[in-house]
Structure formats: structure tokens, C-alpha cells
Amino acid sequence: MNSLEQAEDLKAFERRLMEYISSLQPATLRWRMILIVVSVCTATGAWKWFIDPDTQKVSFSSSLWNHPFFTISCITLIVLFFAGIHRRVVAPSIIAARCRTVLAEYNMSCDETGQLILNPAANIQ
């Protein structure tokens, strides 16, 4: 394979990697917004739950029953983490990191957008 064909292959790989990472961005942004909203709701519900004077006087289950906003938002947050929202939020970073691992063998790397970075060859003496 001559150098022109290799350059074309690298350009095609870079375009495809950038296309794939950019296609993940809308979904990643959506999952980040969902995580932020549910986290804020949980924090707000927790604050109201902690400042309620009746919380110390009743049992734990009764306290949760008296604060359905906190209970529902906390359960939702737990379900989201079990469903893997923590991976969906950072999916482009995971893909870029895995590509960097593979590309390191070829003295290459990539940034978070998928652009290839050619590393200088190591001097072997």
C-alpha cells in the first residue's frame, strides 16, 4: 500500500470517527439534561426533607411517605443509574479513550471530537 492510499485511509477513518462521535452528542446532551434535572429535584426534595421538623419525630418510612417528591425523585435517580445513565453521559469520551488506546500502537492519538493526532515517532537507538 503506497503512502497516498494510506493517507486516504487515515482521512476516511478520521471522518468516520468524527461522524460517529458527533452523532453521539445530541443523545449525550439529552441524557446530561435529564441527569441534571433529576439531580436537582432530588437535592431540592432532600433539602425539604431534612428541614422538616416532623422528619425526626416519625419513622423513616413515614417520613418518606410524607415527602413523595423526594421519594419519587430519589427512586428515579437510582433507576437511571442502574439503567446506565452514567455511561450514556460520557459515551463520546469513552469512545475517544478507547480509540486513543488502539491508536497509541501506531504513534497516533485523537482528541475528544475524533480528530487524529499524529505523534512523533520515538527515537530507537
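1. Buried means under 20% relative accessible area, exposed means over 50%, and partly exposed is in between, with a 1.4 Å probe and protein chains only. By that scale Tyr 20 is partly exposed, at a relative accessible area of 36%. Tyr 20 belongs to helix α1. Helices (H or I, at least four residues) and strands (E, at least two) are DSSP runs, numbered from the N terminus. The C-alpha atoms of Tyr 20 and Pro 92 are separated by 8.7 Å, although the two residues are 72 residues apart along the chain.

2. A word on the basis. This is a predicted model, where local features need pLDDT of at least 70 and side-chain atom pairs count only at pLDDT 80 or more, while totals for chains, interfaces and linings use all residues. Residues are numbered from 1 along each chain as its sequence is written, and side-chain values use heavy atoms, with hydrogens and water left out.

3. Helix α3 spans residues 68-82, 15 residues in total. From first C-alpha to last it reaches 21 Å, close to the 21 Å expected at 1.5 Å a residue. That expected span is 1.5 Å times one less than the number of residues. Just after α3, Gly 84 adopts a positive phi of about 95°.

4. Which residues of α3 are buried? They are Phe 70, Ser 73, Leu 77 and Leu 80. These residues sit on the same side of α3 because they cover an arc of only 100° around the axis; the arc is that of the directions from the helix axis to the C-beta atoms. An α-helix has 3.6 residues a turn, so residues three or four places apart point the same way. The buried residues of α3 pack against α1 (3-51), α2 (60-66) and α4 (85-89). On the other side of α3, Ile 72 and Phe 82 are exposed.

5. Next, the cores. A nonpolar core is a set of buried Ala, Val, Leu, Ile, Met, Phe, Trp, Tyr and Cys residues joined through side-chain atoms within 4.5 Å. The largest has eight residues: Leu 17, Ile 21, Ala 96, Cys 99, Leu 103, Met 108, Cys 110 and Leu 116. Two or more residues each come from α1, α5 (91-103) and β1 (108-110). The largest share, three residues, is from α5.

6. Cys 99 is in contact (heavy atoms within 4.5 Å) with Leu 17 and Cys 110, leaving aside neighbours within four places in sequence. A second, separate core has six residues, including Leu 35, Val 38, Leu 80 and Val 89.

7. The whole structure holds three aromatic pairs. Rings of Phe, Tyr and Trp (its six-membered ring) pair if their centres lie within 6.5 Å; planes under 30 degrees apart are stacked, over 60 edge-to-face, and the rest tilted. Trp 49 and Phe 50 form a tilted pair, 5.2 Å centre to centre with 35° between the planes. Trp 49 is buried at 11% relative accessible area, whereas Phe 50 is exposed at 58%.

8. Why is the pair of Trp 49 and Phe 60 edge-to-face? The ring centres are 6.0 Å apart and the planes stand at 70°, so the pair falls in that class. Phe 60 is exposed, at 57% relative accessibility. Trp 49, Phe 50, Phe 60 and Phe 70 form one aromatic cluster.
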